[in-house]
Amino acid sequence: MKFAHDFREELSSEDFPLHWVNSAIPYGQLKKVLKKVIRELSDLGFEPETMRRLLDPTADSPVALRYGLDITGNSRRLRPRLTVIVYRQNDVVASAPLSLSSYAFLEHLAFIQSGSCYRGGSPEGEDHGGDPPVHPAGSPEGPYLRDDKSQAMQERIEVPLVSDNTFFEILQSDVNRLEALQTQEEKSMKDEIVSLGLEVAHLTKPSRLSKNDLDRWRAIFELYLEAQVFFSTLERDRGSRNSHAAALRLRWFQDEVAKRRLSSQFKMAQSREALLRFMRLNAVLLKNVRFQELNRTAIHKILKKFDKRTSLGVSKTFTQQVLLDRLLASSMAKDICAQVSTQLVSVVPRLDDFICPICFVIAYRPVRLTCEHVFCIRCVIKMQRRRERYCPLCRADAVMSCSADSLDIELERYMRKYFRKEVKEKAQANEIERGIEEYGPGYVHSSCTVM
Ligand SMILES: [Zn+2]
Ligand SMILES: [Zn+2]
């Protein structure tokens with residue numbers, strides 16, 4: 001009762017679009033059908049306790065039950081199948097101590113086998129259409145044949161369960177509907193990422209003739225990466241975050257952007273609009289994650305209830321056969337975040353990707369060794385003076401052969417364009433270092449003298 005209420009409350013209070021709410025798992029309806037399932041089973045003499053005993057593969061009983069979900073046809077329709085296996089010896093049910101309820105069940109079975117008009121257990125007495133009432137499965141000795149009964153004849157009878165079928169029909173079509181919704185949402189988010197990526201590329205493009213917001217966007221994306229809104233790479237909470245944790249991280253990111261007044265420092269009005277779109281995109285993804293989480297919980301709860309009331313142990317099978325790769329909030333978030341990273345955040349080059357691995361500042365002027373590793377020219381000169389032959393990253397014998405020709409001019413130009421401030425600072429630091437080397441520690445760089 002409680003969950004049904006909470007689920008309804010959450011769906012209505014979280015400001016989900018109406019068409020989402022209409023696609024949510026109909027928990028209440030499934031609960032009603034579950035009641036019918038229980039009544040149907042009980043009409044057949046299958047109380048949960050009896051079921052549990054007969055379904056136990058290790059139990060020594062002349063009658064056993066097997067239950068599973070079959071996937072049929074191209075539509076991959078899910079069909080629950082309850083099979084009764086009777087072991088007979090000399091045409092009588094092999095003797096074994098049976099509980100009263102099992103006897104009741106056997107009587108019922110005898111009734112079924114006598115060919116009488118079996119109407120199933122549906123309380124409303126629904127018609128089963130033209131189907132033969134009982135289908136002997138007719139399968140040859142299957143995996144259930146036990147050694148100790150290898151001499152016995154084995155008979156399999158499939159019991160048609162109407163409400164059980166209905167239950168899984170509803171559940172499966174709900175999952176399909178949710179999946180379609182998820183695909184549609186994912187598509188519109190991906191389109192937005194592409195369009196936003198183009199817009200940010202335009203707003204951050206360095207140009208001599210016009211303003212740009214390169215530094216502001218770089219700062220925003222640095223913060224965004226630091227926030228790790230949907231995923232954590234930290235040791236203590238590695239992996240995808242649930243919606244609650246993601247909401248906290250998103251709030252942190254928004255607060256930091258506001259605190260640093262990055263939005264008000266934009267030089268271009270379109271940047272403000274683009275930032276709003278970026279925030280909205282994250283909010284929509286968060287909402288999707290939350291919605292899927294709620295629906296998965298609803299599915300999990302109803303299946304748990306199903307198992308508890310029927311002993312049919314279907315929760316695991318359903319999860320494995322139907323849910324495994326679907327409705328995974330984390331996989332959707334993973335897809336979207338991967339695209340945000342490749343098509344949006346990477347539009348603005350990050351300083352981290354242009355750092356010299358020796359001095360940890362921008363690798364200006366960049367020297368590319370024959371092993372393809374890039375260092376700043378000062379660090380390479382110092383290595384050569386110390387006669388260190390090997391690349392510190394891959395140990396290739398590549399340092400001494402390095403010359404002025406090893407300067408990566410293209411990369412140098414790129415750094416000057418996208419990292420003006422860092423390049424300027426680094427060039428100045430290099431000059432000071434060279435000055436000290438040449439004139440001693442008393443050297444004062446011209447830019448440092450106070451006029
Ligand atoms: Zn360096
Ligand atoms: Zn190397």
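Tutor: Start with the largest nonpolar core, which has 60 residues. Among those with the most contacts inside it are W217, F221 and V340. This is a predicted model: local features need pLDDT of at least 70, side-chain atom pairs count only at pLDDT 80 or more, and totals for chains, interfaces and linings use all residues. Residues are numbered from 1 along each chain as its sequence is written, chains are lettered from A and ligands numbered from 1 in the order in which they are written, and side-chain values use heavy atoms, without hydrogens and water.

Student: What makes a set of residues a nonpolar core?

Tutor: The members are buried Ala, Val, Leu, Ile, Met, Phe, Trp, Tyr and Cys residues, joined through side-chain atoms within 4.5 Å. In soluble globular proteins, nonpolar side chains tend to be buried together.

Student: Which element gives the largest share of this core?

Tutor: Helix α9 does, with eight residues. Elements giving two or more residues include α6 (162-204), α7 (214-227) and β9. Helices (H or I, at least four residues) and strands (E, at least two) are DSSP runs, numbered from the N terminus.

Student: How do you know where this core lies relative to domain 2 and domain 3?

Tutor: Domain 2 (167-348) and domain 3 (352-448) both give residues to it, so the core lies between them. The domain bounds come from an automatic or database domain assignment.

Student: Why is the pair of F16 and W20 called stacked?

Tutor: Rings of Phe, Tyr and Trp (its six-membered ring) pair if their centres lie within 6.5 Å; planes under 30 degrees apart count as stacked, over 60 as edge-to-face and the rest as tilted. The structure holds 18 aromatic pairs. In this one, the F16 and W20 centres are 5.8 Å apart, with 25° between the planes. That is stacked.

Student: And what makes W20 and F291 a tilted pair?

Tutor: Their centres are 5.2 Å apart and their planes are at 45°, so the pair is tilted. It links W20 in helix α2 (residues 18-23) with F291 in helix α9 (residues 269-310), 271 residues apart.

Student: Why is W20 called buried?

Tutor: Buried means under 20% relative accessible area, exposed over 50%, partly exposed in between (1.4 Å probe, protein chains only). W20 has 2%, so it is buried. F291 is buried at 3%, and F16 is buried at 8%.

Student: What coordinates the zinc ion (ligand 1)?

Tutor: Its protein donors are C356 (SG), C359 (SG), C376 (SG) and C379 (SG), at 2.2 to 2.3 Å. Donors are N, O and S atoms within 2.8 Å of the metal (3.2 Å for Na, K and Ca); water is not among the atoms, so sites may look incomplete.

Student: Why is the arrangement around the zinc ion (ligand 1) called tetrahedral?

Tutor: Four donors count as tetrahedral if all angles lie between 85 and 135 degrees; four count as square planar and six as octahedral if opposite donors are over 155 degrees apart and all others between 65 and 115; anything else is irregular. Here the angles are 99 to 119°, so the arrangement is tetrahedral.

Student: What makes the arrangement around the zinc ion (ligand 2) tetrahedral?

Tutor: Its four donor atoms subtend angles of 105 to 112°, which makes the arrangement tetrahedral. The donors are C371 (SG), H373 (ND1), C391 (SG) and C394 (SG), at 2.0 to 2.3 Å. Their spacing along the chain is C-x1-H-x17-C-x2-C.
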